[in-house]
Amino acid sequence: MKFFIDTANLDQIREAQELGVLDGVTTNPSLMAKEGITGRNNILKHYVDICNIVDGGVSAEVIATEFKAMVKEGEELADLHDQIVVKIPMIKDGVKALKYLSDKDIRTNCTLVFSVGQALLAAKAGATYVSPFIGRLDDISADGLNLIAEIRHIYDNYAFDTQILAASIRHTMHIIDCAKLGADVMTGPLSAIEGLLKHPLTDSGLEKFLADYKKGN
Ligand code: G3P
């Protein structure tokens, strides 16, 4: 399972990279705004800064919503750095843009996916990644994890190459459940990733080992 961090915060991206388990980064316009990154040039520079910190793919989202403008913007983003993955929203023109960009061997991430039908279309259009938003489904009392399971089932039926990128991960158990269900990738906050390493028996066990070592030295 690949681990992506879902943030535009450079300090958190560096921290995750230094942990040694990071495979990529996802961003979106809201995450950029949260870091105070505004204006086209600043946003483009920020994507390059992120690419220079991490080794893996960096998802950069198009703002355009009409086919021609989407592919133009997608090509510009892809030209920024070879680690860029073009993030395209699941709308009608987005499906066309996914197909166009994937035919040109530009990697894509289909975002704002909330149903199996949308995930099927994204795979048919050749998306590199499909991003079902599990946390936002949970928010409206739907079952985000069940969506991951259903997409896994359908993709396996037809051996689609599109990778399931579980997005809108909110906490550590989401990561574990997505791993059980066979998601190819998860993207979440640093806190959810760091939650994986915590266990009270590890802490108390280490405390005892160190205390016993001190007794003998
Ligand atoms: O990767 C998608 C993500 O950015 C959305 O997360 O927490 O805003 O639902 P959230």
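A polar side-chain atom of R170 lies 2.8 Å from an oxygen atom of the ligand. The model is predicted: local features need pLDDT of at least 70, side-chain atom pairs count only at pLDDT 80 or more, and totals for chains, interfaces and linings use all residues. Residues are numbered from 1 along each chain as its sequence is written, and side-chain values use heavy atoms, with hydrogens and water left out.

The protein covers 82% of the 300 Å² of accessible area that the ligand has on its own (Shrake-Rupley method, 1.4 Å probe).

The shell around the ligand consists of D6, N28, L31, F133, R136, A167, S168, R170 and T187, where a residue is near if one of its heavy atoms lies within 4 Å. By class, this shell has three nonpolar, three polar and three charged residues.

The ligand takes up the space of the largest pocket. A pocket here is an open set of points on a 1 Å grid over the protein atoms alone, with protein on both sides within 12 Å along at least five of seven lines, and lining residues have an atom within 4 Å of a point. A molecule sits in a pocket if more than half of its atoms lie within 2 Å of the grid points.

The lining of this largest pocket comprises 21 residues, and D6, N28, L31, S168 and I169 lie nearest the centre. Two or more lining residues come from each of α2 (29-34) and β8 (185-188), with α2 giving the largest share, three residues.

Technical notes:
Polar contact = N/O pair within 3.5 Å; in protein donor to acceptor, adjacent residues only side chain to side chain. 1 Å grid on protein atoms, 1.4 Å probe; cavity = no way out; pocket = protein on both sides within 12 Å on 5 of 7 lines; lining within 4 Å. Nonpolar A, V, L, I, M, F, W, Y, C, P; charged D, E, K, R; others polar. Helix = DSSP H or I, 4+ residues; strand = E, 2+ residues; numbered from the N terminus.
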